[in-house]
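Here is a short briefing on one protein chain. Please look over the sequence and the structure before reading on.

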Amino acid sequence: EIAPGVVYRRFVRREPLQTVHVVRVDLRTPGLALVQSKAEADGSFRAQTPSAFLRAGGLVVAINGDFFTPWAARGPWAYYPYGGDPVGLLGRRARIVDRREKAVSLRHTTFYFDDRGRAVGFRRPEGPCQELHGLPLIEAGSSRVERTPYLLHPRSALGLDADKRWLTLVAIDGRQPGHSAGASLRQLAALLLAEGVHDALLLDGGGSTALVARVGGEVRLLNRPIHARVVGWERPVANVFGVTLR
């Protein structure tokens, strides 16, 4: 238990080798609220790592959010963005692209939560709300990615159960032989369904995948990210989603 209502599990799967990190959040926990990075006045975001966002905001747990642009990761001396650099969200234009396969186009999905930090779900409410964008993995208890290419990458995802009580955050390490190969979208969806998720969206993954928490007062990486080909290094991303206890 990381904090009241917030529980972390880590387990390893074989064939392919996958190291999986799951955080389950009881949304009925008193004082619990959902938060994310704030945009600048012009709509852009200042890149930061999930650890930096968690530390500055006093959060309990945080995970990388939307797909974003521009970015590059050619190596430890050639990447973008650095912390504080301007970036923008892809939002509704997000899609999966891999050079070895044709582009996999999936319509975007949005997770909504209100200005008080309470989860609303995957249908837009009438009142003011905040939005977290991604690609659909599960809708109404059914996988949406059965026919996608079988490509293994680091993955990040968010899901809700049918009663909207449990929020599930998942990070799967990848691109690290001997530790974790990564997961396909189909494997990720199957894992979320097994966790009782009813609706889920794919967050930015690859080198952006990072799950962090405050454990015993210290900020800790729960997973093992890989950014710019460096294992254990977090990528500065556009926005970060997380949980706080007020």
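How many residues does the largest nonpolar core have, and which of them have the most contacts inside it? The model is predicted. Its largest nonpolar core has 26 residues. Those with the most contacts inside this core are V6, L34, F111, L158, L167, L169 and F241.

**The largest core**

- Two or more residues each come from β2 (18-26), β3 (32-36), β5 (61-64), β10 (109-114), β14 (155-160), β15 (166-172), β17 (211-215) and β21 (240-245).
- β15 gives the largest share of this core, three residues.

**Contacts of F241**

- F241 is one of the residues with the most contacts inside the largest core.
- Leaving aside residues up to four places away in sequence, F241 touches L34, V35, Q36, V61, A62, I63, F111, F113, L132, L158, L167 and L169.

- Is β14 buried or exposed? Six of its six residues are buried, so β14 is largely enclosed by the rest of the structure.
- In a regular strand the side chains alternate between the two faces of the sheet.
- Both faces of β14 are covered. R155, A157 and G159 are buried on one side, and S156, L158 and L160 are buried on the other.

**Partners of β14**

- β14 and β15 run antiparallel and are joined by six bridges. Within this pair, L160 stands opposite L167 of β15.
- The two strands form a hairpin, with five residues between β14 and β15. In the turn, K164 has a positive phi of about 60 degrees.
- β14 also runs antiparallel to β16 (residues 199-202), through four bridges. Here G159 stands opposite A200 of β16.

**A three-stranded open sheet**

- What is the strand order in the open sheet of three strands? The order is β4-β9-β6, and the pairing is antiparallel.
- β4 (45-46) and β6 (68-69) are the edge strands. Each of these two pairs on one side only.
- β6 pairs with β9 (residues 86-89) over two bridges, in the antiparallel sense. F68 stands opposite L89 in β9.

Technical notes
Residues are numbered from 1 along each chain as its sequence is written. This is a predicted model: local features need pLDDT of at least 70, side-chain atom pairs count only at pLDDT 80 or more; totals for chains, interfaces and linings use all residues. Side-chain values use heavy atoms; hydrogens and water are left out. A nonpolar core is a set of buried Ala, Val, Leu, Ile, Met, Phe, Trp, Tyr and Cys residues joined through side-chain atoms within 4.5 Å. Buried means under 20% relative accessible area, exposed over 50%, partly exposed in between (1.4 Å probe, protein chains only). Contact means heavy atoms within 4.5 Å. Two strands pair if DSSP finds at least two bridges between them.
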